[in-house]
Amino acid sequence: MLLFYISAFALLALFVGTGIVIGSRGAGKKDYSLGGRKAGAAGVTGILLGALVGGASTVGTVQMAYTYGMTAWWFTLGGGIGCLLLGLRFAVPLRSSEITTIADYLERSYGGSRCGAAIAFTATISSSIGTFISICAQFLACLALIRGVLPLPAWSAAVVAALSIWGFIAAGGMKSFSTLGTAKIFILYIVLVICAGAAYYHGGGFAATAKTLGFHPWFNLFGRGFFPELGYLASMIVGVFTTQIYIQSFAAAKDAAAARTGAFASAVLMPPMGLLGAWIGLSVRASGVEIAPDRVLSWFIMESFPPLFGGLIWGGVLITVVGCAAGLILGIATNITKNFIPKKIMERYASKDSAIQQGLVILMIILAALSGVGGAGSMILEWSFVSMGLRGAGTFFPFVLAVLKPGFLSPPWALASSIGGLVGMLLWAAAGLPQDPLFAGLAVSALCVAAGVALGKRNLPL
C-alpha cells in the first residue's frame, strides 16, 4: 500500500504546488476574484465544472447509486441542464454587464429605492448559506475518500482536507482555479472512464448487472417517486442559476462569446460524469459487497487496480473534490466581501481587499471542516440538493426576470418574491410538511411575481 499512498499524495502535491506557482505570477486584487477577466472558453468551463463537479458528482453519486440506484444521476443531469439554460440566454448579458456578483446585478436591476439593496442582501444570505452547505458536502466527500484508504479519525481526515483546500487557492484565487479546474476535469474524465471500464469488466457487463438488480428502483430515474426526483432536478437548475461562483465564471471570461461557449461545454461534459459514477455504484451493489456507502468509491479503486495506478486514480478523485470546495469557498468569500461587509469598511481597507477575502476563505474552511466531522457518513447528495434549493428558492425568479425582462417587475414585488421564496421554503421544511420544501418556496416566489405583474404597481414608493 505504500506505493498507493506515495502516488496519490504526490499527485495532490503537484496540483497544489502548481496552483501556488500560477497564482503567484502577477496576482493582484483583481486577479484574485476574476483572474483579470482573461478566461477563454476553456477557462470558463474549468471554473464552472471545477465548482460543480466535486464530491457530490463523484463520491456522492457512487454512494447514492449504491444505496438507491439511478436517482444518483439527477445531480449531474440537472447541473448540465442548468448550464445549458445559462448558455442559451444568460451568459452573454451577464458577461456584458461586467458585474462580479449576483447581488450586484440584482441591486442594479432593482435599484432606485431601498428595495434593490434589500434584494441584494437577501440573495447574499441565501446564496452564502446554501453554498456553505455544499462546501460541507465536499468535506464529507473528502473525509470519506481519506478514511477509505487511511485509518484516521474524522477530525484528522478533516485537517488533511482543510490543508489541501487552503493550499489549492491560497495564492492563486480565480487565476489558478480556472487553469487547474480545466486540468482536473480532464483528469476526472480519464479516471471515471477507467473506473467504469473496470466495473464493466469485473461485473460481467450491463446485462449481468441489470439482471441481478432489476429495473426498479435501481435503473429507474424516478425510483424514489416522481415528485422527490423532480425536486432534485428543480434544485439543481435554480441552484446553478443563483450560485456566485458559477455566475462569477462569466464575469471572469475575456468576452461574451467565451462565456457562452464555456456554459455550453459544461452542459455537454457534466451529465456523462454522473452516468459513469452511477455505474460504478450499481456494479458494486450488484456484486453483493456490503460496505459503508460513502466509502464505496475508495474501496472500489483499491480493490480494482494495482497500488501505484490505484493511488493516481484515487488522487485524481481527491483533487476533484478539493478543487470543487476551493471554488465554492472562493465564491462565498467574493460574495461576502462585495455585498455583505459594509462599504465604509471596504473603502477604508480597500488596499487590503484580497487579504480580507483570504481571511474569509480560512474561516469558511474551518467552519466547513467542523460541520463535515459532525455529519460524517451521511448522504452527500442530500446535502447538495438542499444546498442548491436554498440558494435559488427566493432568488431564482427575481434574477431571471432581471436578466430577461429588465423593468418588468417592480422593486417592491421583487423584494417580496425574494423574501417570500426563502421564507416559504424554510417554513415548509421546519413544519415537516410532505414533498420538497423547494416547491413551496418557488410557489410563494412565483405568486409574488404574478401578483406584481397583475396589479401593475411598478412605481410604488418605498
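## Nonpolar core

Within the largest nonpolar core, which has 146 residues, Leu52, Phe139, Tyr246, Phe250, Ile301 and Trp314 touch the most other members. A nonpolar core here is a set of buried Ala, Val, Leu, Ile, Met, Phe, Trp, Tyr and Cys residues joined through side-chain atoms within 4.5 Å. Buried denotes under 20% relative accessible area, exposed over 50%, and partly exposed in between, with a 1.4 Å probe and protein chains only. Helix α7 (residues 114-149) gives the most to this core, contributing 16 residues.

Phe139 is in contact (heavy atoms within 4.5 Å) with Ala158, Ala161, Ala162, Ile165, Ile365, Ala368, Ala369 and Gly372, when its neighbours within four places in sequence are left aside.

## Basis of the model

The model is predicted: local features need pLDDT of at least 70 and side-chain atom pairs count only at pLDDT 80 or more, while totals for chains, interfaces and linings use all residues. Residues are numbered from 1 along each chain as its sequence is written, and side-chain values use heavy atoms, with hydrogens and water left out.

## Overall composition

The chain has 21 helices and zero strands; helices (H or I, at least four residues) and strands (E, at least two) are DSSP runs numbered from the N terminus. Of its 462 residues, 58% count as buried. Among contacts between residues at least 6 apart in sequence, 86% join residues at least 24 apart.

## Packing of α3 against α12

The axes of helix α3 (residues 41-52) and helix α12 (residues 244-251) come within 9 Å and cross at roughly 175 degrees. Therefore α3 is roughly antiparallel to α12, a term for angles over 145 degrees. Axes are lines fitted to C-alpha atoms, for helices over the stretch in contact, and angles run from 0 to 180 degrees between N-to-C directions.

From α3, Val44, Ile47, Leu48, Ala51 and Leu52 meet Ile245, Tyr246, Ser249 and Phe250 of α12. The residues of this contact divide into eight nonpolar, one polar and no charged.

## Thr58

Thr58 lies in helix α4 (residues 56-67) and is buried, at 1% relative accessible area. Beyond residues up to four places away in sequence, Thr58 touches Leu188, Leu297, Val317, Thr320 and Val321. Thr58 and Leu188 are 130 residues apart in sequence, and their C-alpha atoms are 9.1 Å apart in space.

## Cysteines

The structure holds zero disulfides, a disulfide being a pair of cysteine sulfur atoms within 2.5 Å. For Cys324, the nearest cysteine sulfur is that of Cys142, 9.5 Å away. Cys324 is buried, with a relative accessible area of 1%, and Cys136 also counts as buried, at 2%.

How values were computed
Angles under 35 degrees count as roughly parallel, over 145 as roughly antiparallel, 65 to 115 as roughly perpendicular and the rest as oblique. Ala, Val, Leu, Ile, Met, Phe, Trp, Tyr, Cys and Pro count as nonpolar, Asp, Glu, Lys and Arg as charged, and the others, Gly among them, as polar.
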